[in-house]
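User: I'm new to this one. Can you walk me through it?

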Amino acid sequence: MARRPVHREETRARWYRPVSVCVDLLAAALPVAAAIVEVHEPHPLRLAAAAALLWPLTGFVSRRYTPQAWGDGGGLRAVVRDWLVLVGALATLRVVCGLNSVPAEAFTALIPALVCTGLCQKVIHRHLLAARRHARALRHVLVVGEASTLDAVVAQLAQRTDHEYVIVGACPVGEDEVHSGVPLCTRLPLEAPEAPEADAAAVLGAADELGADLVFVAPGPHLSGERMRRLSWALYDRGRSLMVLPGITDVARRRIRLTSAAGLTLLHITPPLHRGAHGAAKTAVDRLGALLLIALLAPLLLLLALAVRLGSPGPVLYRQTRVGRYGMRFAMWKFRTMVVDADRLKDGLEAENENDGHMFKMRRDPRVTPVGRVLRRYSLDELPQLFNILFGHMSLVGPRPPLPEEVVKYNGIEMRRLNVRPGLTGPWQISGRSDLSWRETVALDLRYVDNWSLGGDVSVMARTVRAVLDGQGAY
């Protein structure tokens, strides 16, 4: 008898979908009814009922009530899209019913539906991530592919815990050694067997033995499309799910579009949004945002400048050459947090470097002044970089601006970090800062460079506030 897995897909909290639907019903019905009564519109209960039913209906149609939506950061993009559909549907319904145009009060009453649904999605997302970190709400996966591909898949999934997949075993193709340490069930021959059922019997037997409910298949020279097709038939007939791994990594879902031609399944990946209207929009947001922040924070900037000046001898600002977009050098400004001759003392501290890459970081750097430690902990020393943003050297969000001596050590992959302007904040700052390894830093920056969007920048800036207050990794 097949052994049942300990943690199966059905162990996800059962309250996700009913709570989401109830929140949507109430968030749409109550404010709309109250607004229509207030403006003395006819049929308030009917219109409120229509809003209450249409809002969850759009969620079901767009698959907003699915584990995939909850696992993808709360599905805020989908919520906004569905809300616009709701507004249009209700406006159309009013016209069909012969009512006047939508009053401003009724339109405003739809905003709670957007806010409440977004918050509910976010709460479920966080609960789901916490469950996955404690080995719950997971799917047991069997991987089929060549040895090198198996090792790469296992290593990639092991880097993070915010997904629902746990590898419980593997079926290698061929006799090459698998180094990832996952249990090996049975090996498939390099060439497709004469009996088409042989592959399916081996994979299904392994899935039953391990209690796997999902099979990952990594195509390769010895695992052709026709061979995978026959395997998929057998898996589907036994109620198992199959996923094909295309071999690409760190590509946002919004950049991927499936199409087909002559029986071939094609995966179209759109290029990063660095140029054109999107790039111009980012530049405009950067400069307007920097100008607004400078105006709002002017009193704080003056107080910090005074604290630095009185805290230790030397200038208030520290000017340092950094490397920006496409390798262009610029002078970056910070509030001085070290003694005046800090650069000269750096060579004597190289042996104390706690970073495993090209950056120099010390948790207890003796060159940092007492005032500088406070500024660094809360990233206040970075605020003069708002002027760098205003002058076009930097962006509000982007990779960390590197030093020239770091850039000369970059390989071809690391040089891709320079395809966008460096940022005042970015994925490095909100994910642990100096506590991250060099490999983790590069991976975060490349993911940002390839998948940039204005919505993503807004998310990073919102998370920056919490990271600054927490102070983790700032030294």
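Predicted model: local features only at pLDDT ≥ 70, side-chain atom pairs only at ≥ 80, totals over all residues.

User: How many aromatic pairs does the search find?

Analyst: Three, over the whole structure. Rings of Phe, Tyr and Trp (its six-membered ring) pair if their centres lie within 6.5 Å; planes under 30 degrees apart are stacked, over 60 edge-to-face, and the rest tilted. One of the pairs is Phe60 with Tyr65. Their centres are 4.8 Å apart, with 65° between the planes, and the pair is edge-to-face.

User: Is Tyr65 buried or exposed?

Analyst: Tyr65 is buried, at 3% relative accessible area. Phe60 is partly exposed, at 47%. The cut-offs: buried is under 20% relative accessible area, exposed over 50%, partly exposed in between (1.4 Å probe, protein chains only).

User: What about Tyr165 and Phe216?

Analyst: Their ring centres are 5.2 Å apart and their planes lie at 65°, so this pair is edge-to-face. It links distant parts of the chain, 51 residues apart: Tyr165 is in strand E2 (residues 165-173) and Phe216 in strand E3 (residues 214-217). Helices (H or I, at least four residues) and strands (E, at least two) are DSSP runs, numbered from the N terminus. Both Tyr165 and Phe216 are buried.

User: Why is E2 largely enclosed?

Analyst: Because eight of its nine residues are buried, the rest of the structure largely encloses E2.

User: Which strand is joined to E2 by eight bridges?

Analyst: Strand E1 (residues 139-146), and the two run parallel. Strands pair if DSSP finds at least two bridges between them. Leu142 has Gly169 in E2 as its bridge partner.

User: New topic. Which charged end sits over the ring of Trp55?

Analyst: That of Arg64, 4.5 Å from the ring centre. The charged end of Arg400 sits over the ring of Trp428, 6.0 Å from its centre. The rule: NZ of Lys or CZ of Arg within 6 Å of the ring centre and within 35 degrees of the ring normal.

User: How many cavities of 30 Å³ or more are there?

Analyst: Two. On a 1 Å grid over the protein atoms alone, a cavity is a set of points where a 1.4 Å probe fits but cannot get out; lining residues have an atom within 4 Å of a point.

User: What lines the largest cavity?

Analyst: Its lining includes Leu273, Lys282, Arg325, Tyr448 and Trp452. Helix H10 (residues 276-311) gives the most, with three residues.

User: And what lines the second largest cavity?

Analyst: Among them are Val323, Pro399, Arg400 and Pro422.

How values were computed
Residues numbered from 1 in each chain as written. Heavy atoms only, no water. 1 Å grid on protein atoms, 1.4 Å probe; cavity = no way out; pocket = protein on both sides within 12 Å on 5 of 7 lines; lining within 4 Å. Points joined across faces, edges and corners; volume = space filled by probe spheres on them.
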